[in-house]
Amino acid sequence: MYYLLIIAGGLMTMDTIWLSTVCNGNLGTALPAIMGVPLLLIGLFKRFFMPWFRTPAGHIAKVLLIACYSAAVVFFCCMGAMLGSAAHRKADYGKDVLIVLGCAVRGERVSLTLKLRLDAALEYLEHSPNTAVIVSGGKGDGENISEAEAMKRYLVSHGVDEGRIITEDKSTSTWENFKFSKAILDQRFPGASVAFVTTNFHVYRAGRVAIMNGIEAEGYGAKDVWYTKLNNYMRESIAVAVYKLRGLLI
């Protein structure tokens, strides 16, 4: 039993350490270690914990730990199923406007996650030659240009007519992506049909944020970076729950 705790806790902690060296630090990166370190410590120091768990206080702590980890497993499994279901629904081709949600830029170069979103956008636009595209994303730390400008350059370099692209370069969140894109839609494309591109795990929340900003839009999920998929689904599960509690999701 305790050997399993060492293995599970060790693998989860190593996941966080490794991803911290190749990705931006975020809650999804840290979550495996947050959940894994207690398991690792209990497994490594079982000689201390075993007798303590037999005391009244230790027994209560043990029950609480088991309950918390069980609840976390159920929560992440249920949320993962819901997010995964939304991720596999693809927007119909031929919408009037496609909104591409921004992601990290390294200097002036798109990150791998953003590249995958843009590749999905290129796929959509190839099947929808009359669709205009709004690239949405402001300029953050470590970014020499706005995400919108980096996305525009990428699309143009891959053959998209610059005249089809509208940049929205002020947003810093999913909520602002749709809030500021809504202003563009109202001004330039009133009554237009809309689709949006984001990473597949993000489709569920993004779709509901769009609705709350007055945009009826279908999601077109882009592939996720394979080695961050589990972390991203965990982080997104918590984000959805927080948005629900704050009244930011319908």
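How many residues does helix H2 have, and how far does helix H2 reach from its first C-alpha to its last? Select residues 27-44 and you have the answer on screen: 18 residues reaching 25 Å, close to the 26 Å expected at 1.5 Å a residue. Bear in mind that this is a predicted model.

Stay on H2 and click Gly36. The helix bends by about 30° there, and Pro38 is a proline that follows within four residues.

Next, colour the buried residues of H2. Among them are Leu31, Pro32, Met35, Leu39, Leu40 and Ile42, and Gly36 belongs to the set too. To see what they pack against, show helix H1 (2-22), helix H3 (46-53), H4 and H9.

Select H4 (residues 56-87) and H9 (residues 229-245): their axes come within 9 Å and cross at roughly 95°. An angle from 65 to 115 degrees counts as roughly perpendicular, so that is how H4 and H9 lie to each other. On H4, look for residues including Phe75, Phe76, Met79 and Leu83, and on H9 for residues including Tyr233, Met234, Ile238 and Val240. By type, the residues of this contact divide into 11 nonpolar, three polar and one charged.

Finally, zoom out to the whole chain. You'll see nine helices and seven strands, with a C-alpha trace spanning about 70 × 35 × 30 Å along its principal axes. Of the 250 residues, 48% are buried. Among contacts with a separation of 6 or more, 72% join residues 24 or more positions apart.

Definitions and conventions. Residues numbered from 1 in each chain as written. Predicted model: local features only at pLDDT ≥ 70, side-chain atom pairs only at ≥ 80, totals over all residues. Heavy atoms only, no water. Axes fitted to C-alpha atoms, helices over the stretch in contact; angles between N-to-C directions. Helix = DSSP H or I, 4+ residues; strand = E, 2+ residues; numbered from the N terminus. Parallel < 35°, antiparallel > 145°, perpendicular 65-115°, else oblique. Contact = heavy atoms within 4.5 Å. Nonpolar A, V, L, I, M, F, W, Y, C, P; charged D, E, K, R; others polar. Expected span 1.5 Å × (residues − 1). Bend = angle between axes of the 7 residues up to and from the residue. Buried < 20%, exposed > 50% of the residue type's maximum accessible area, 1.4 Å probe, protein only.
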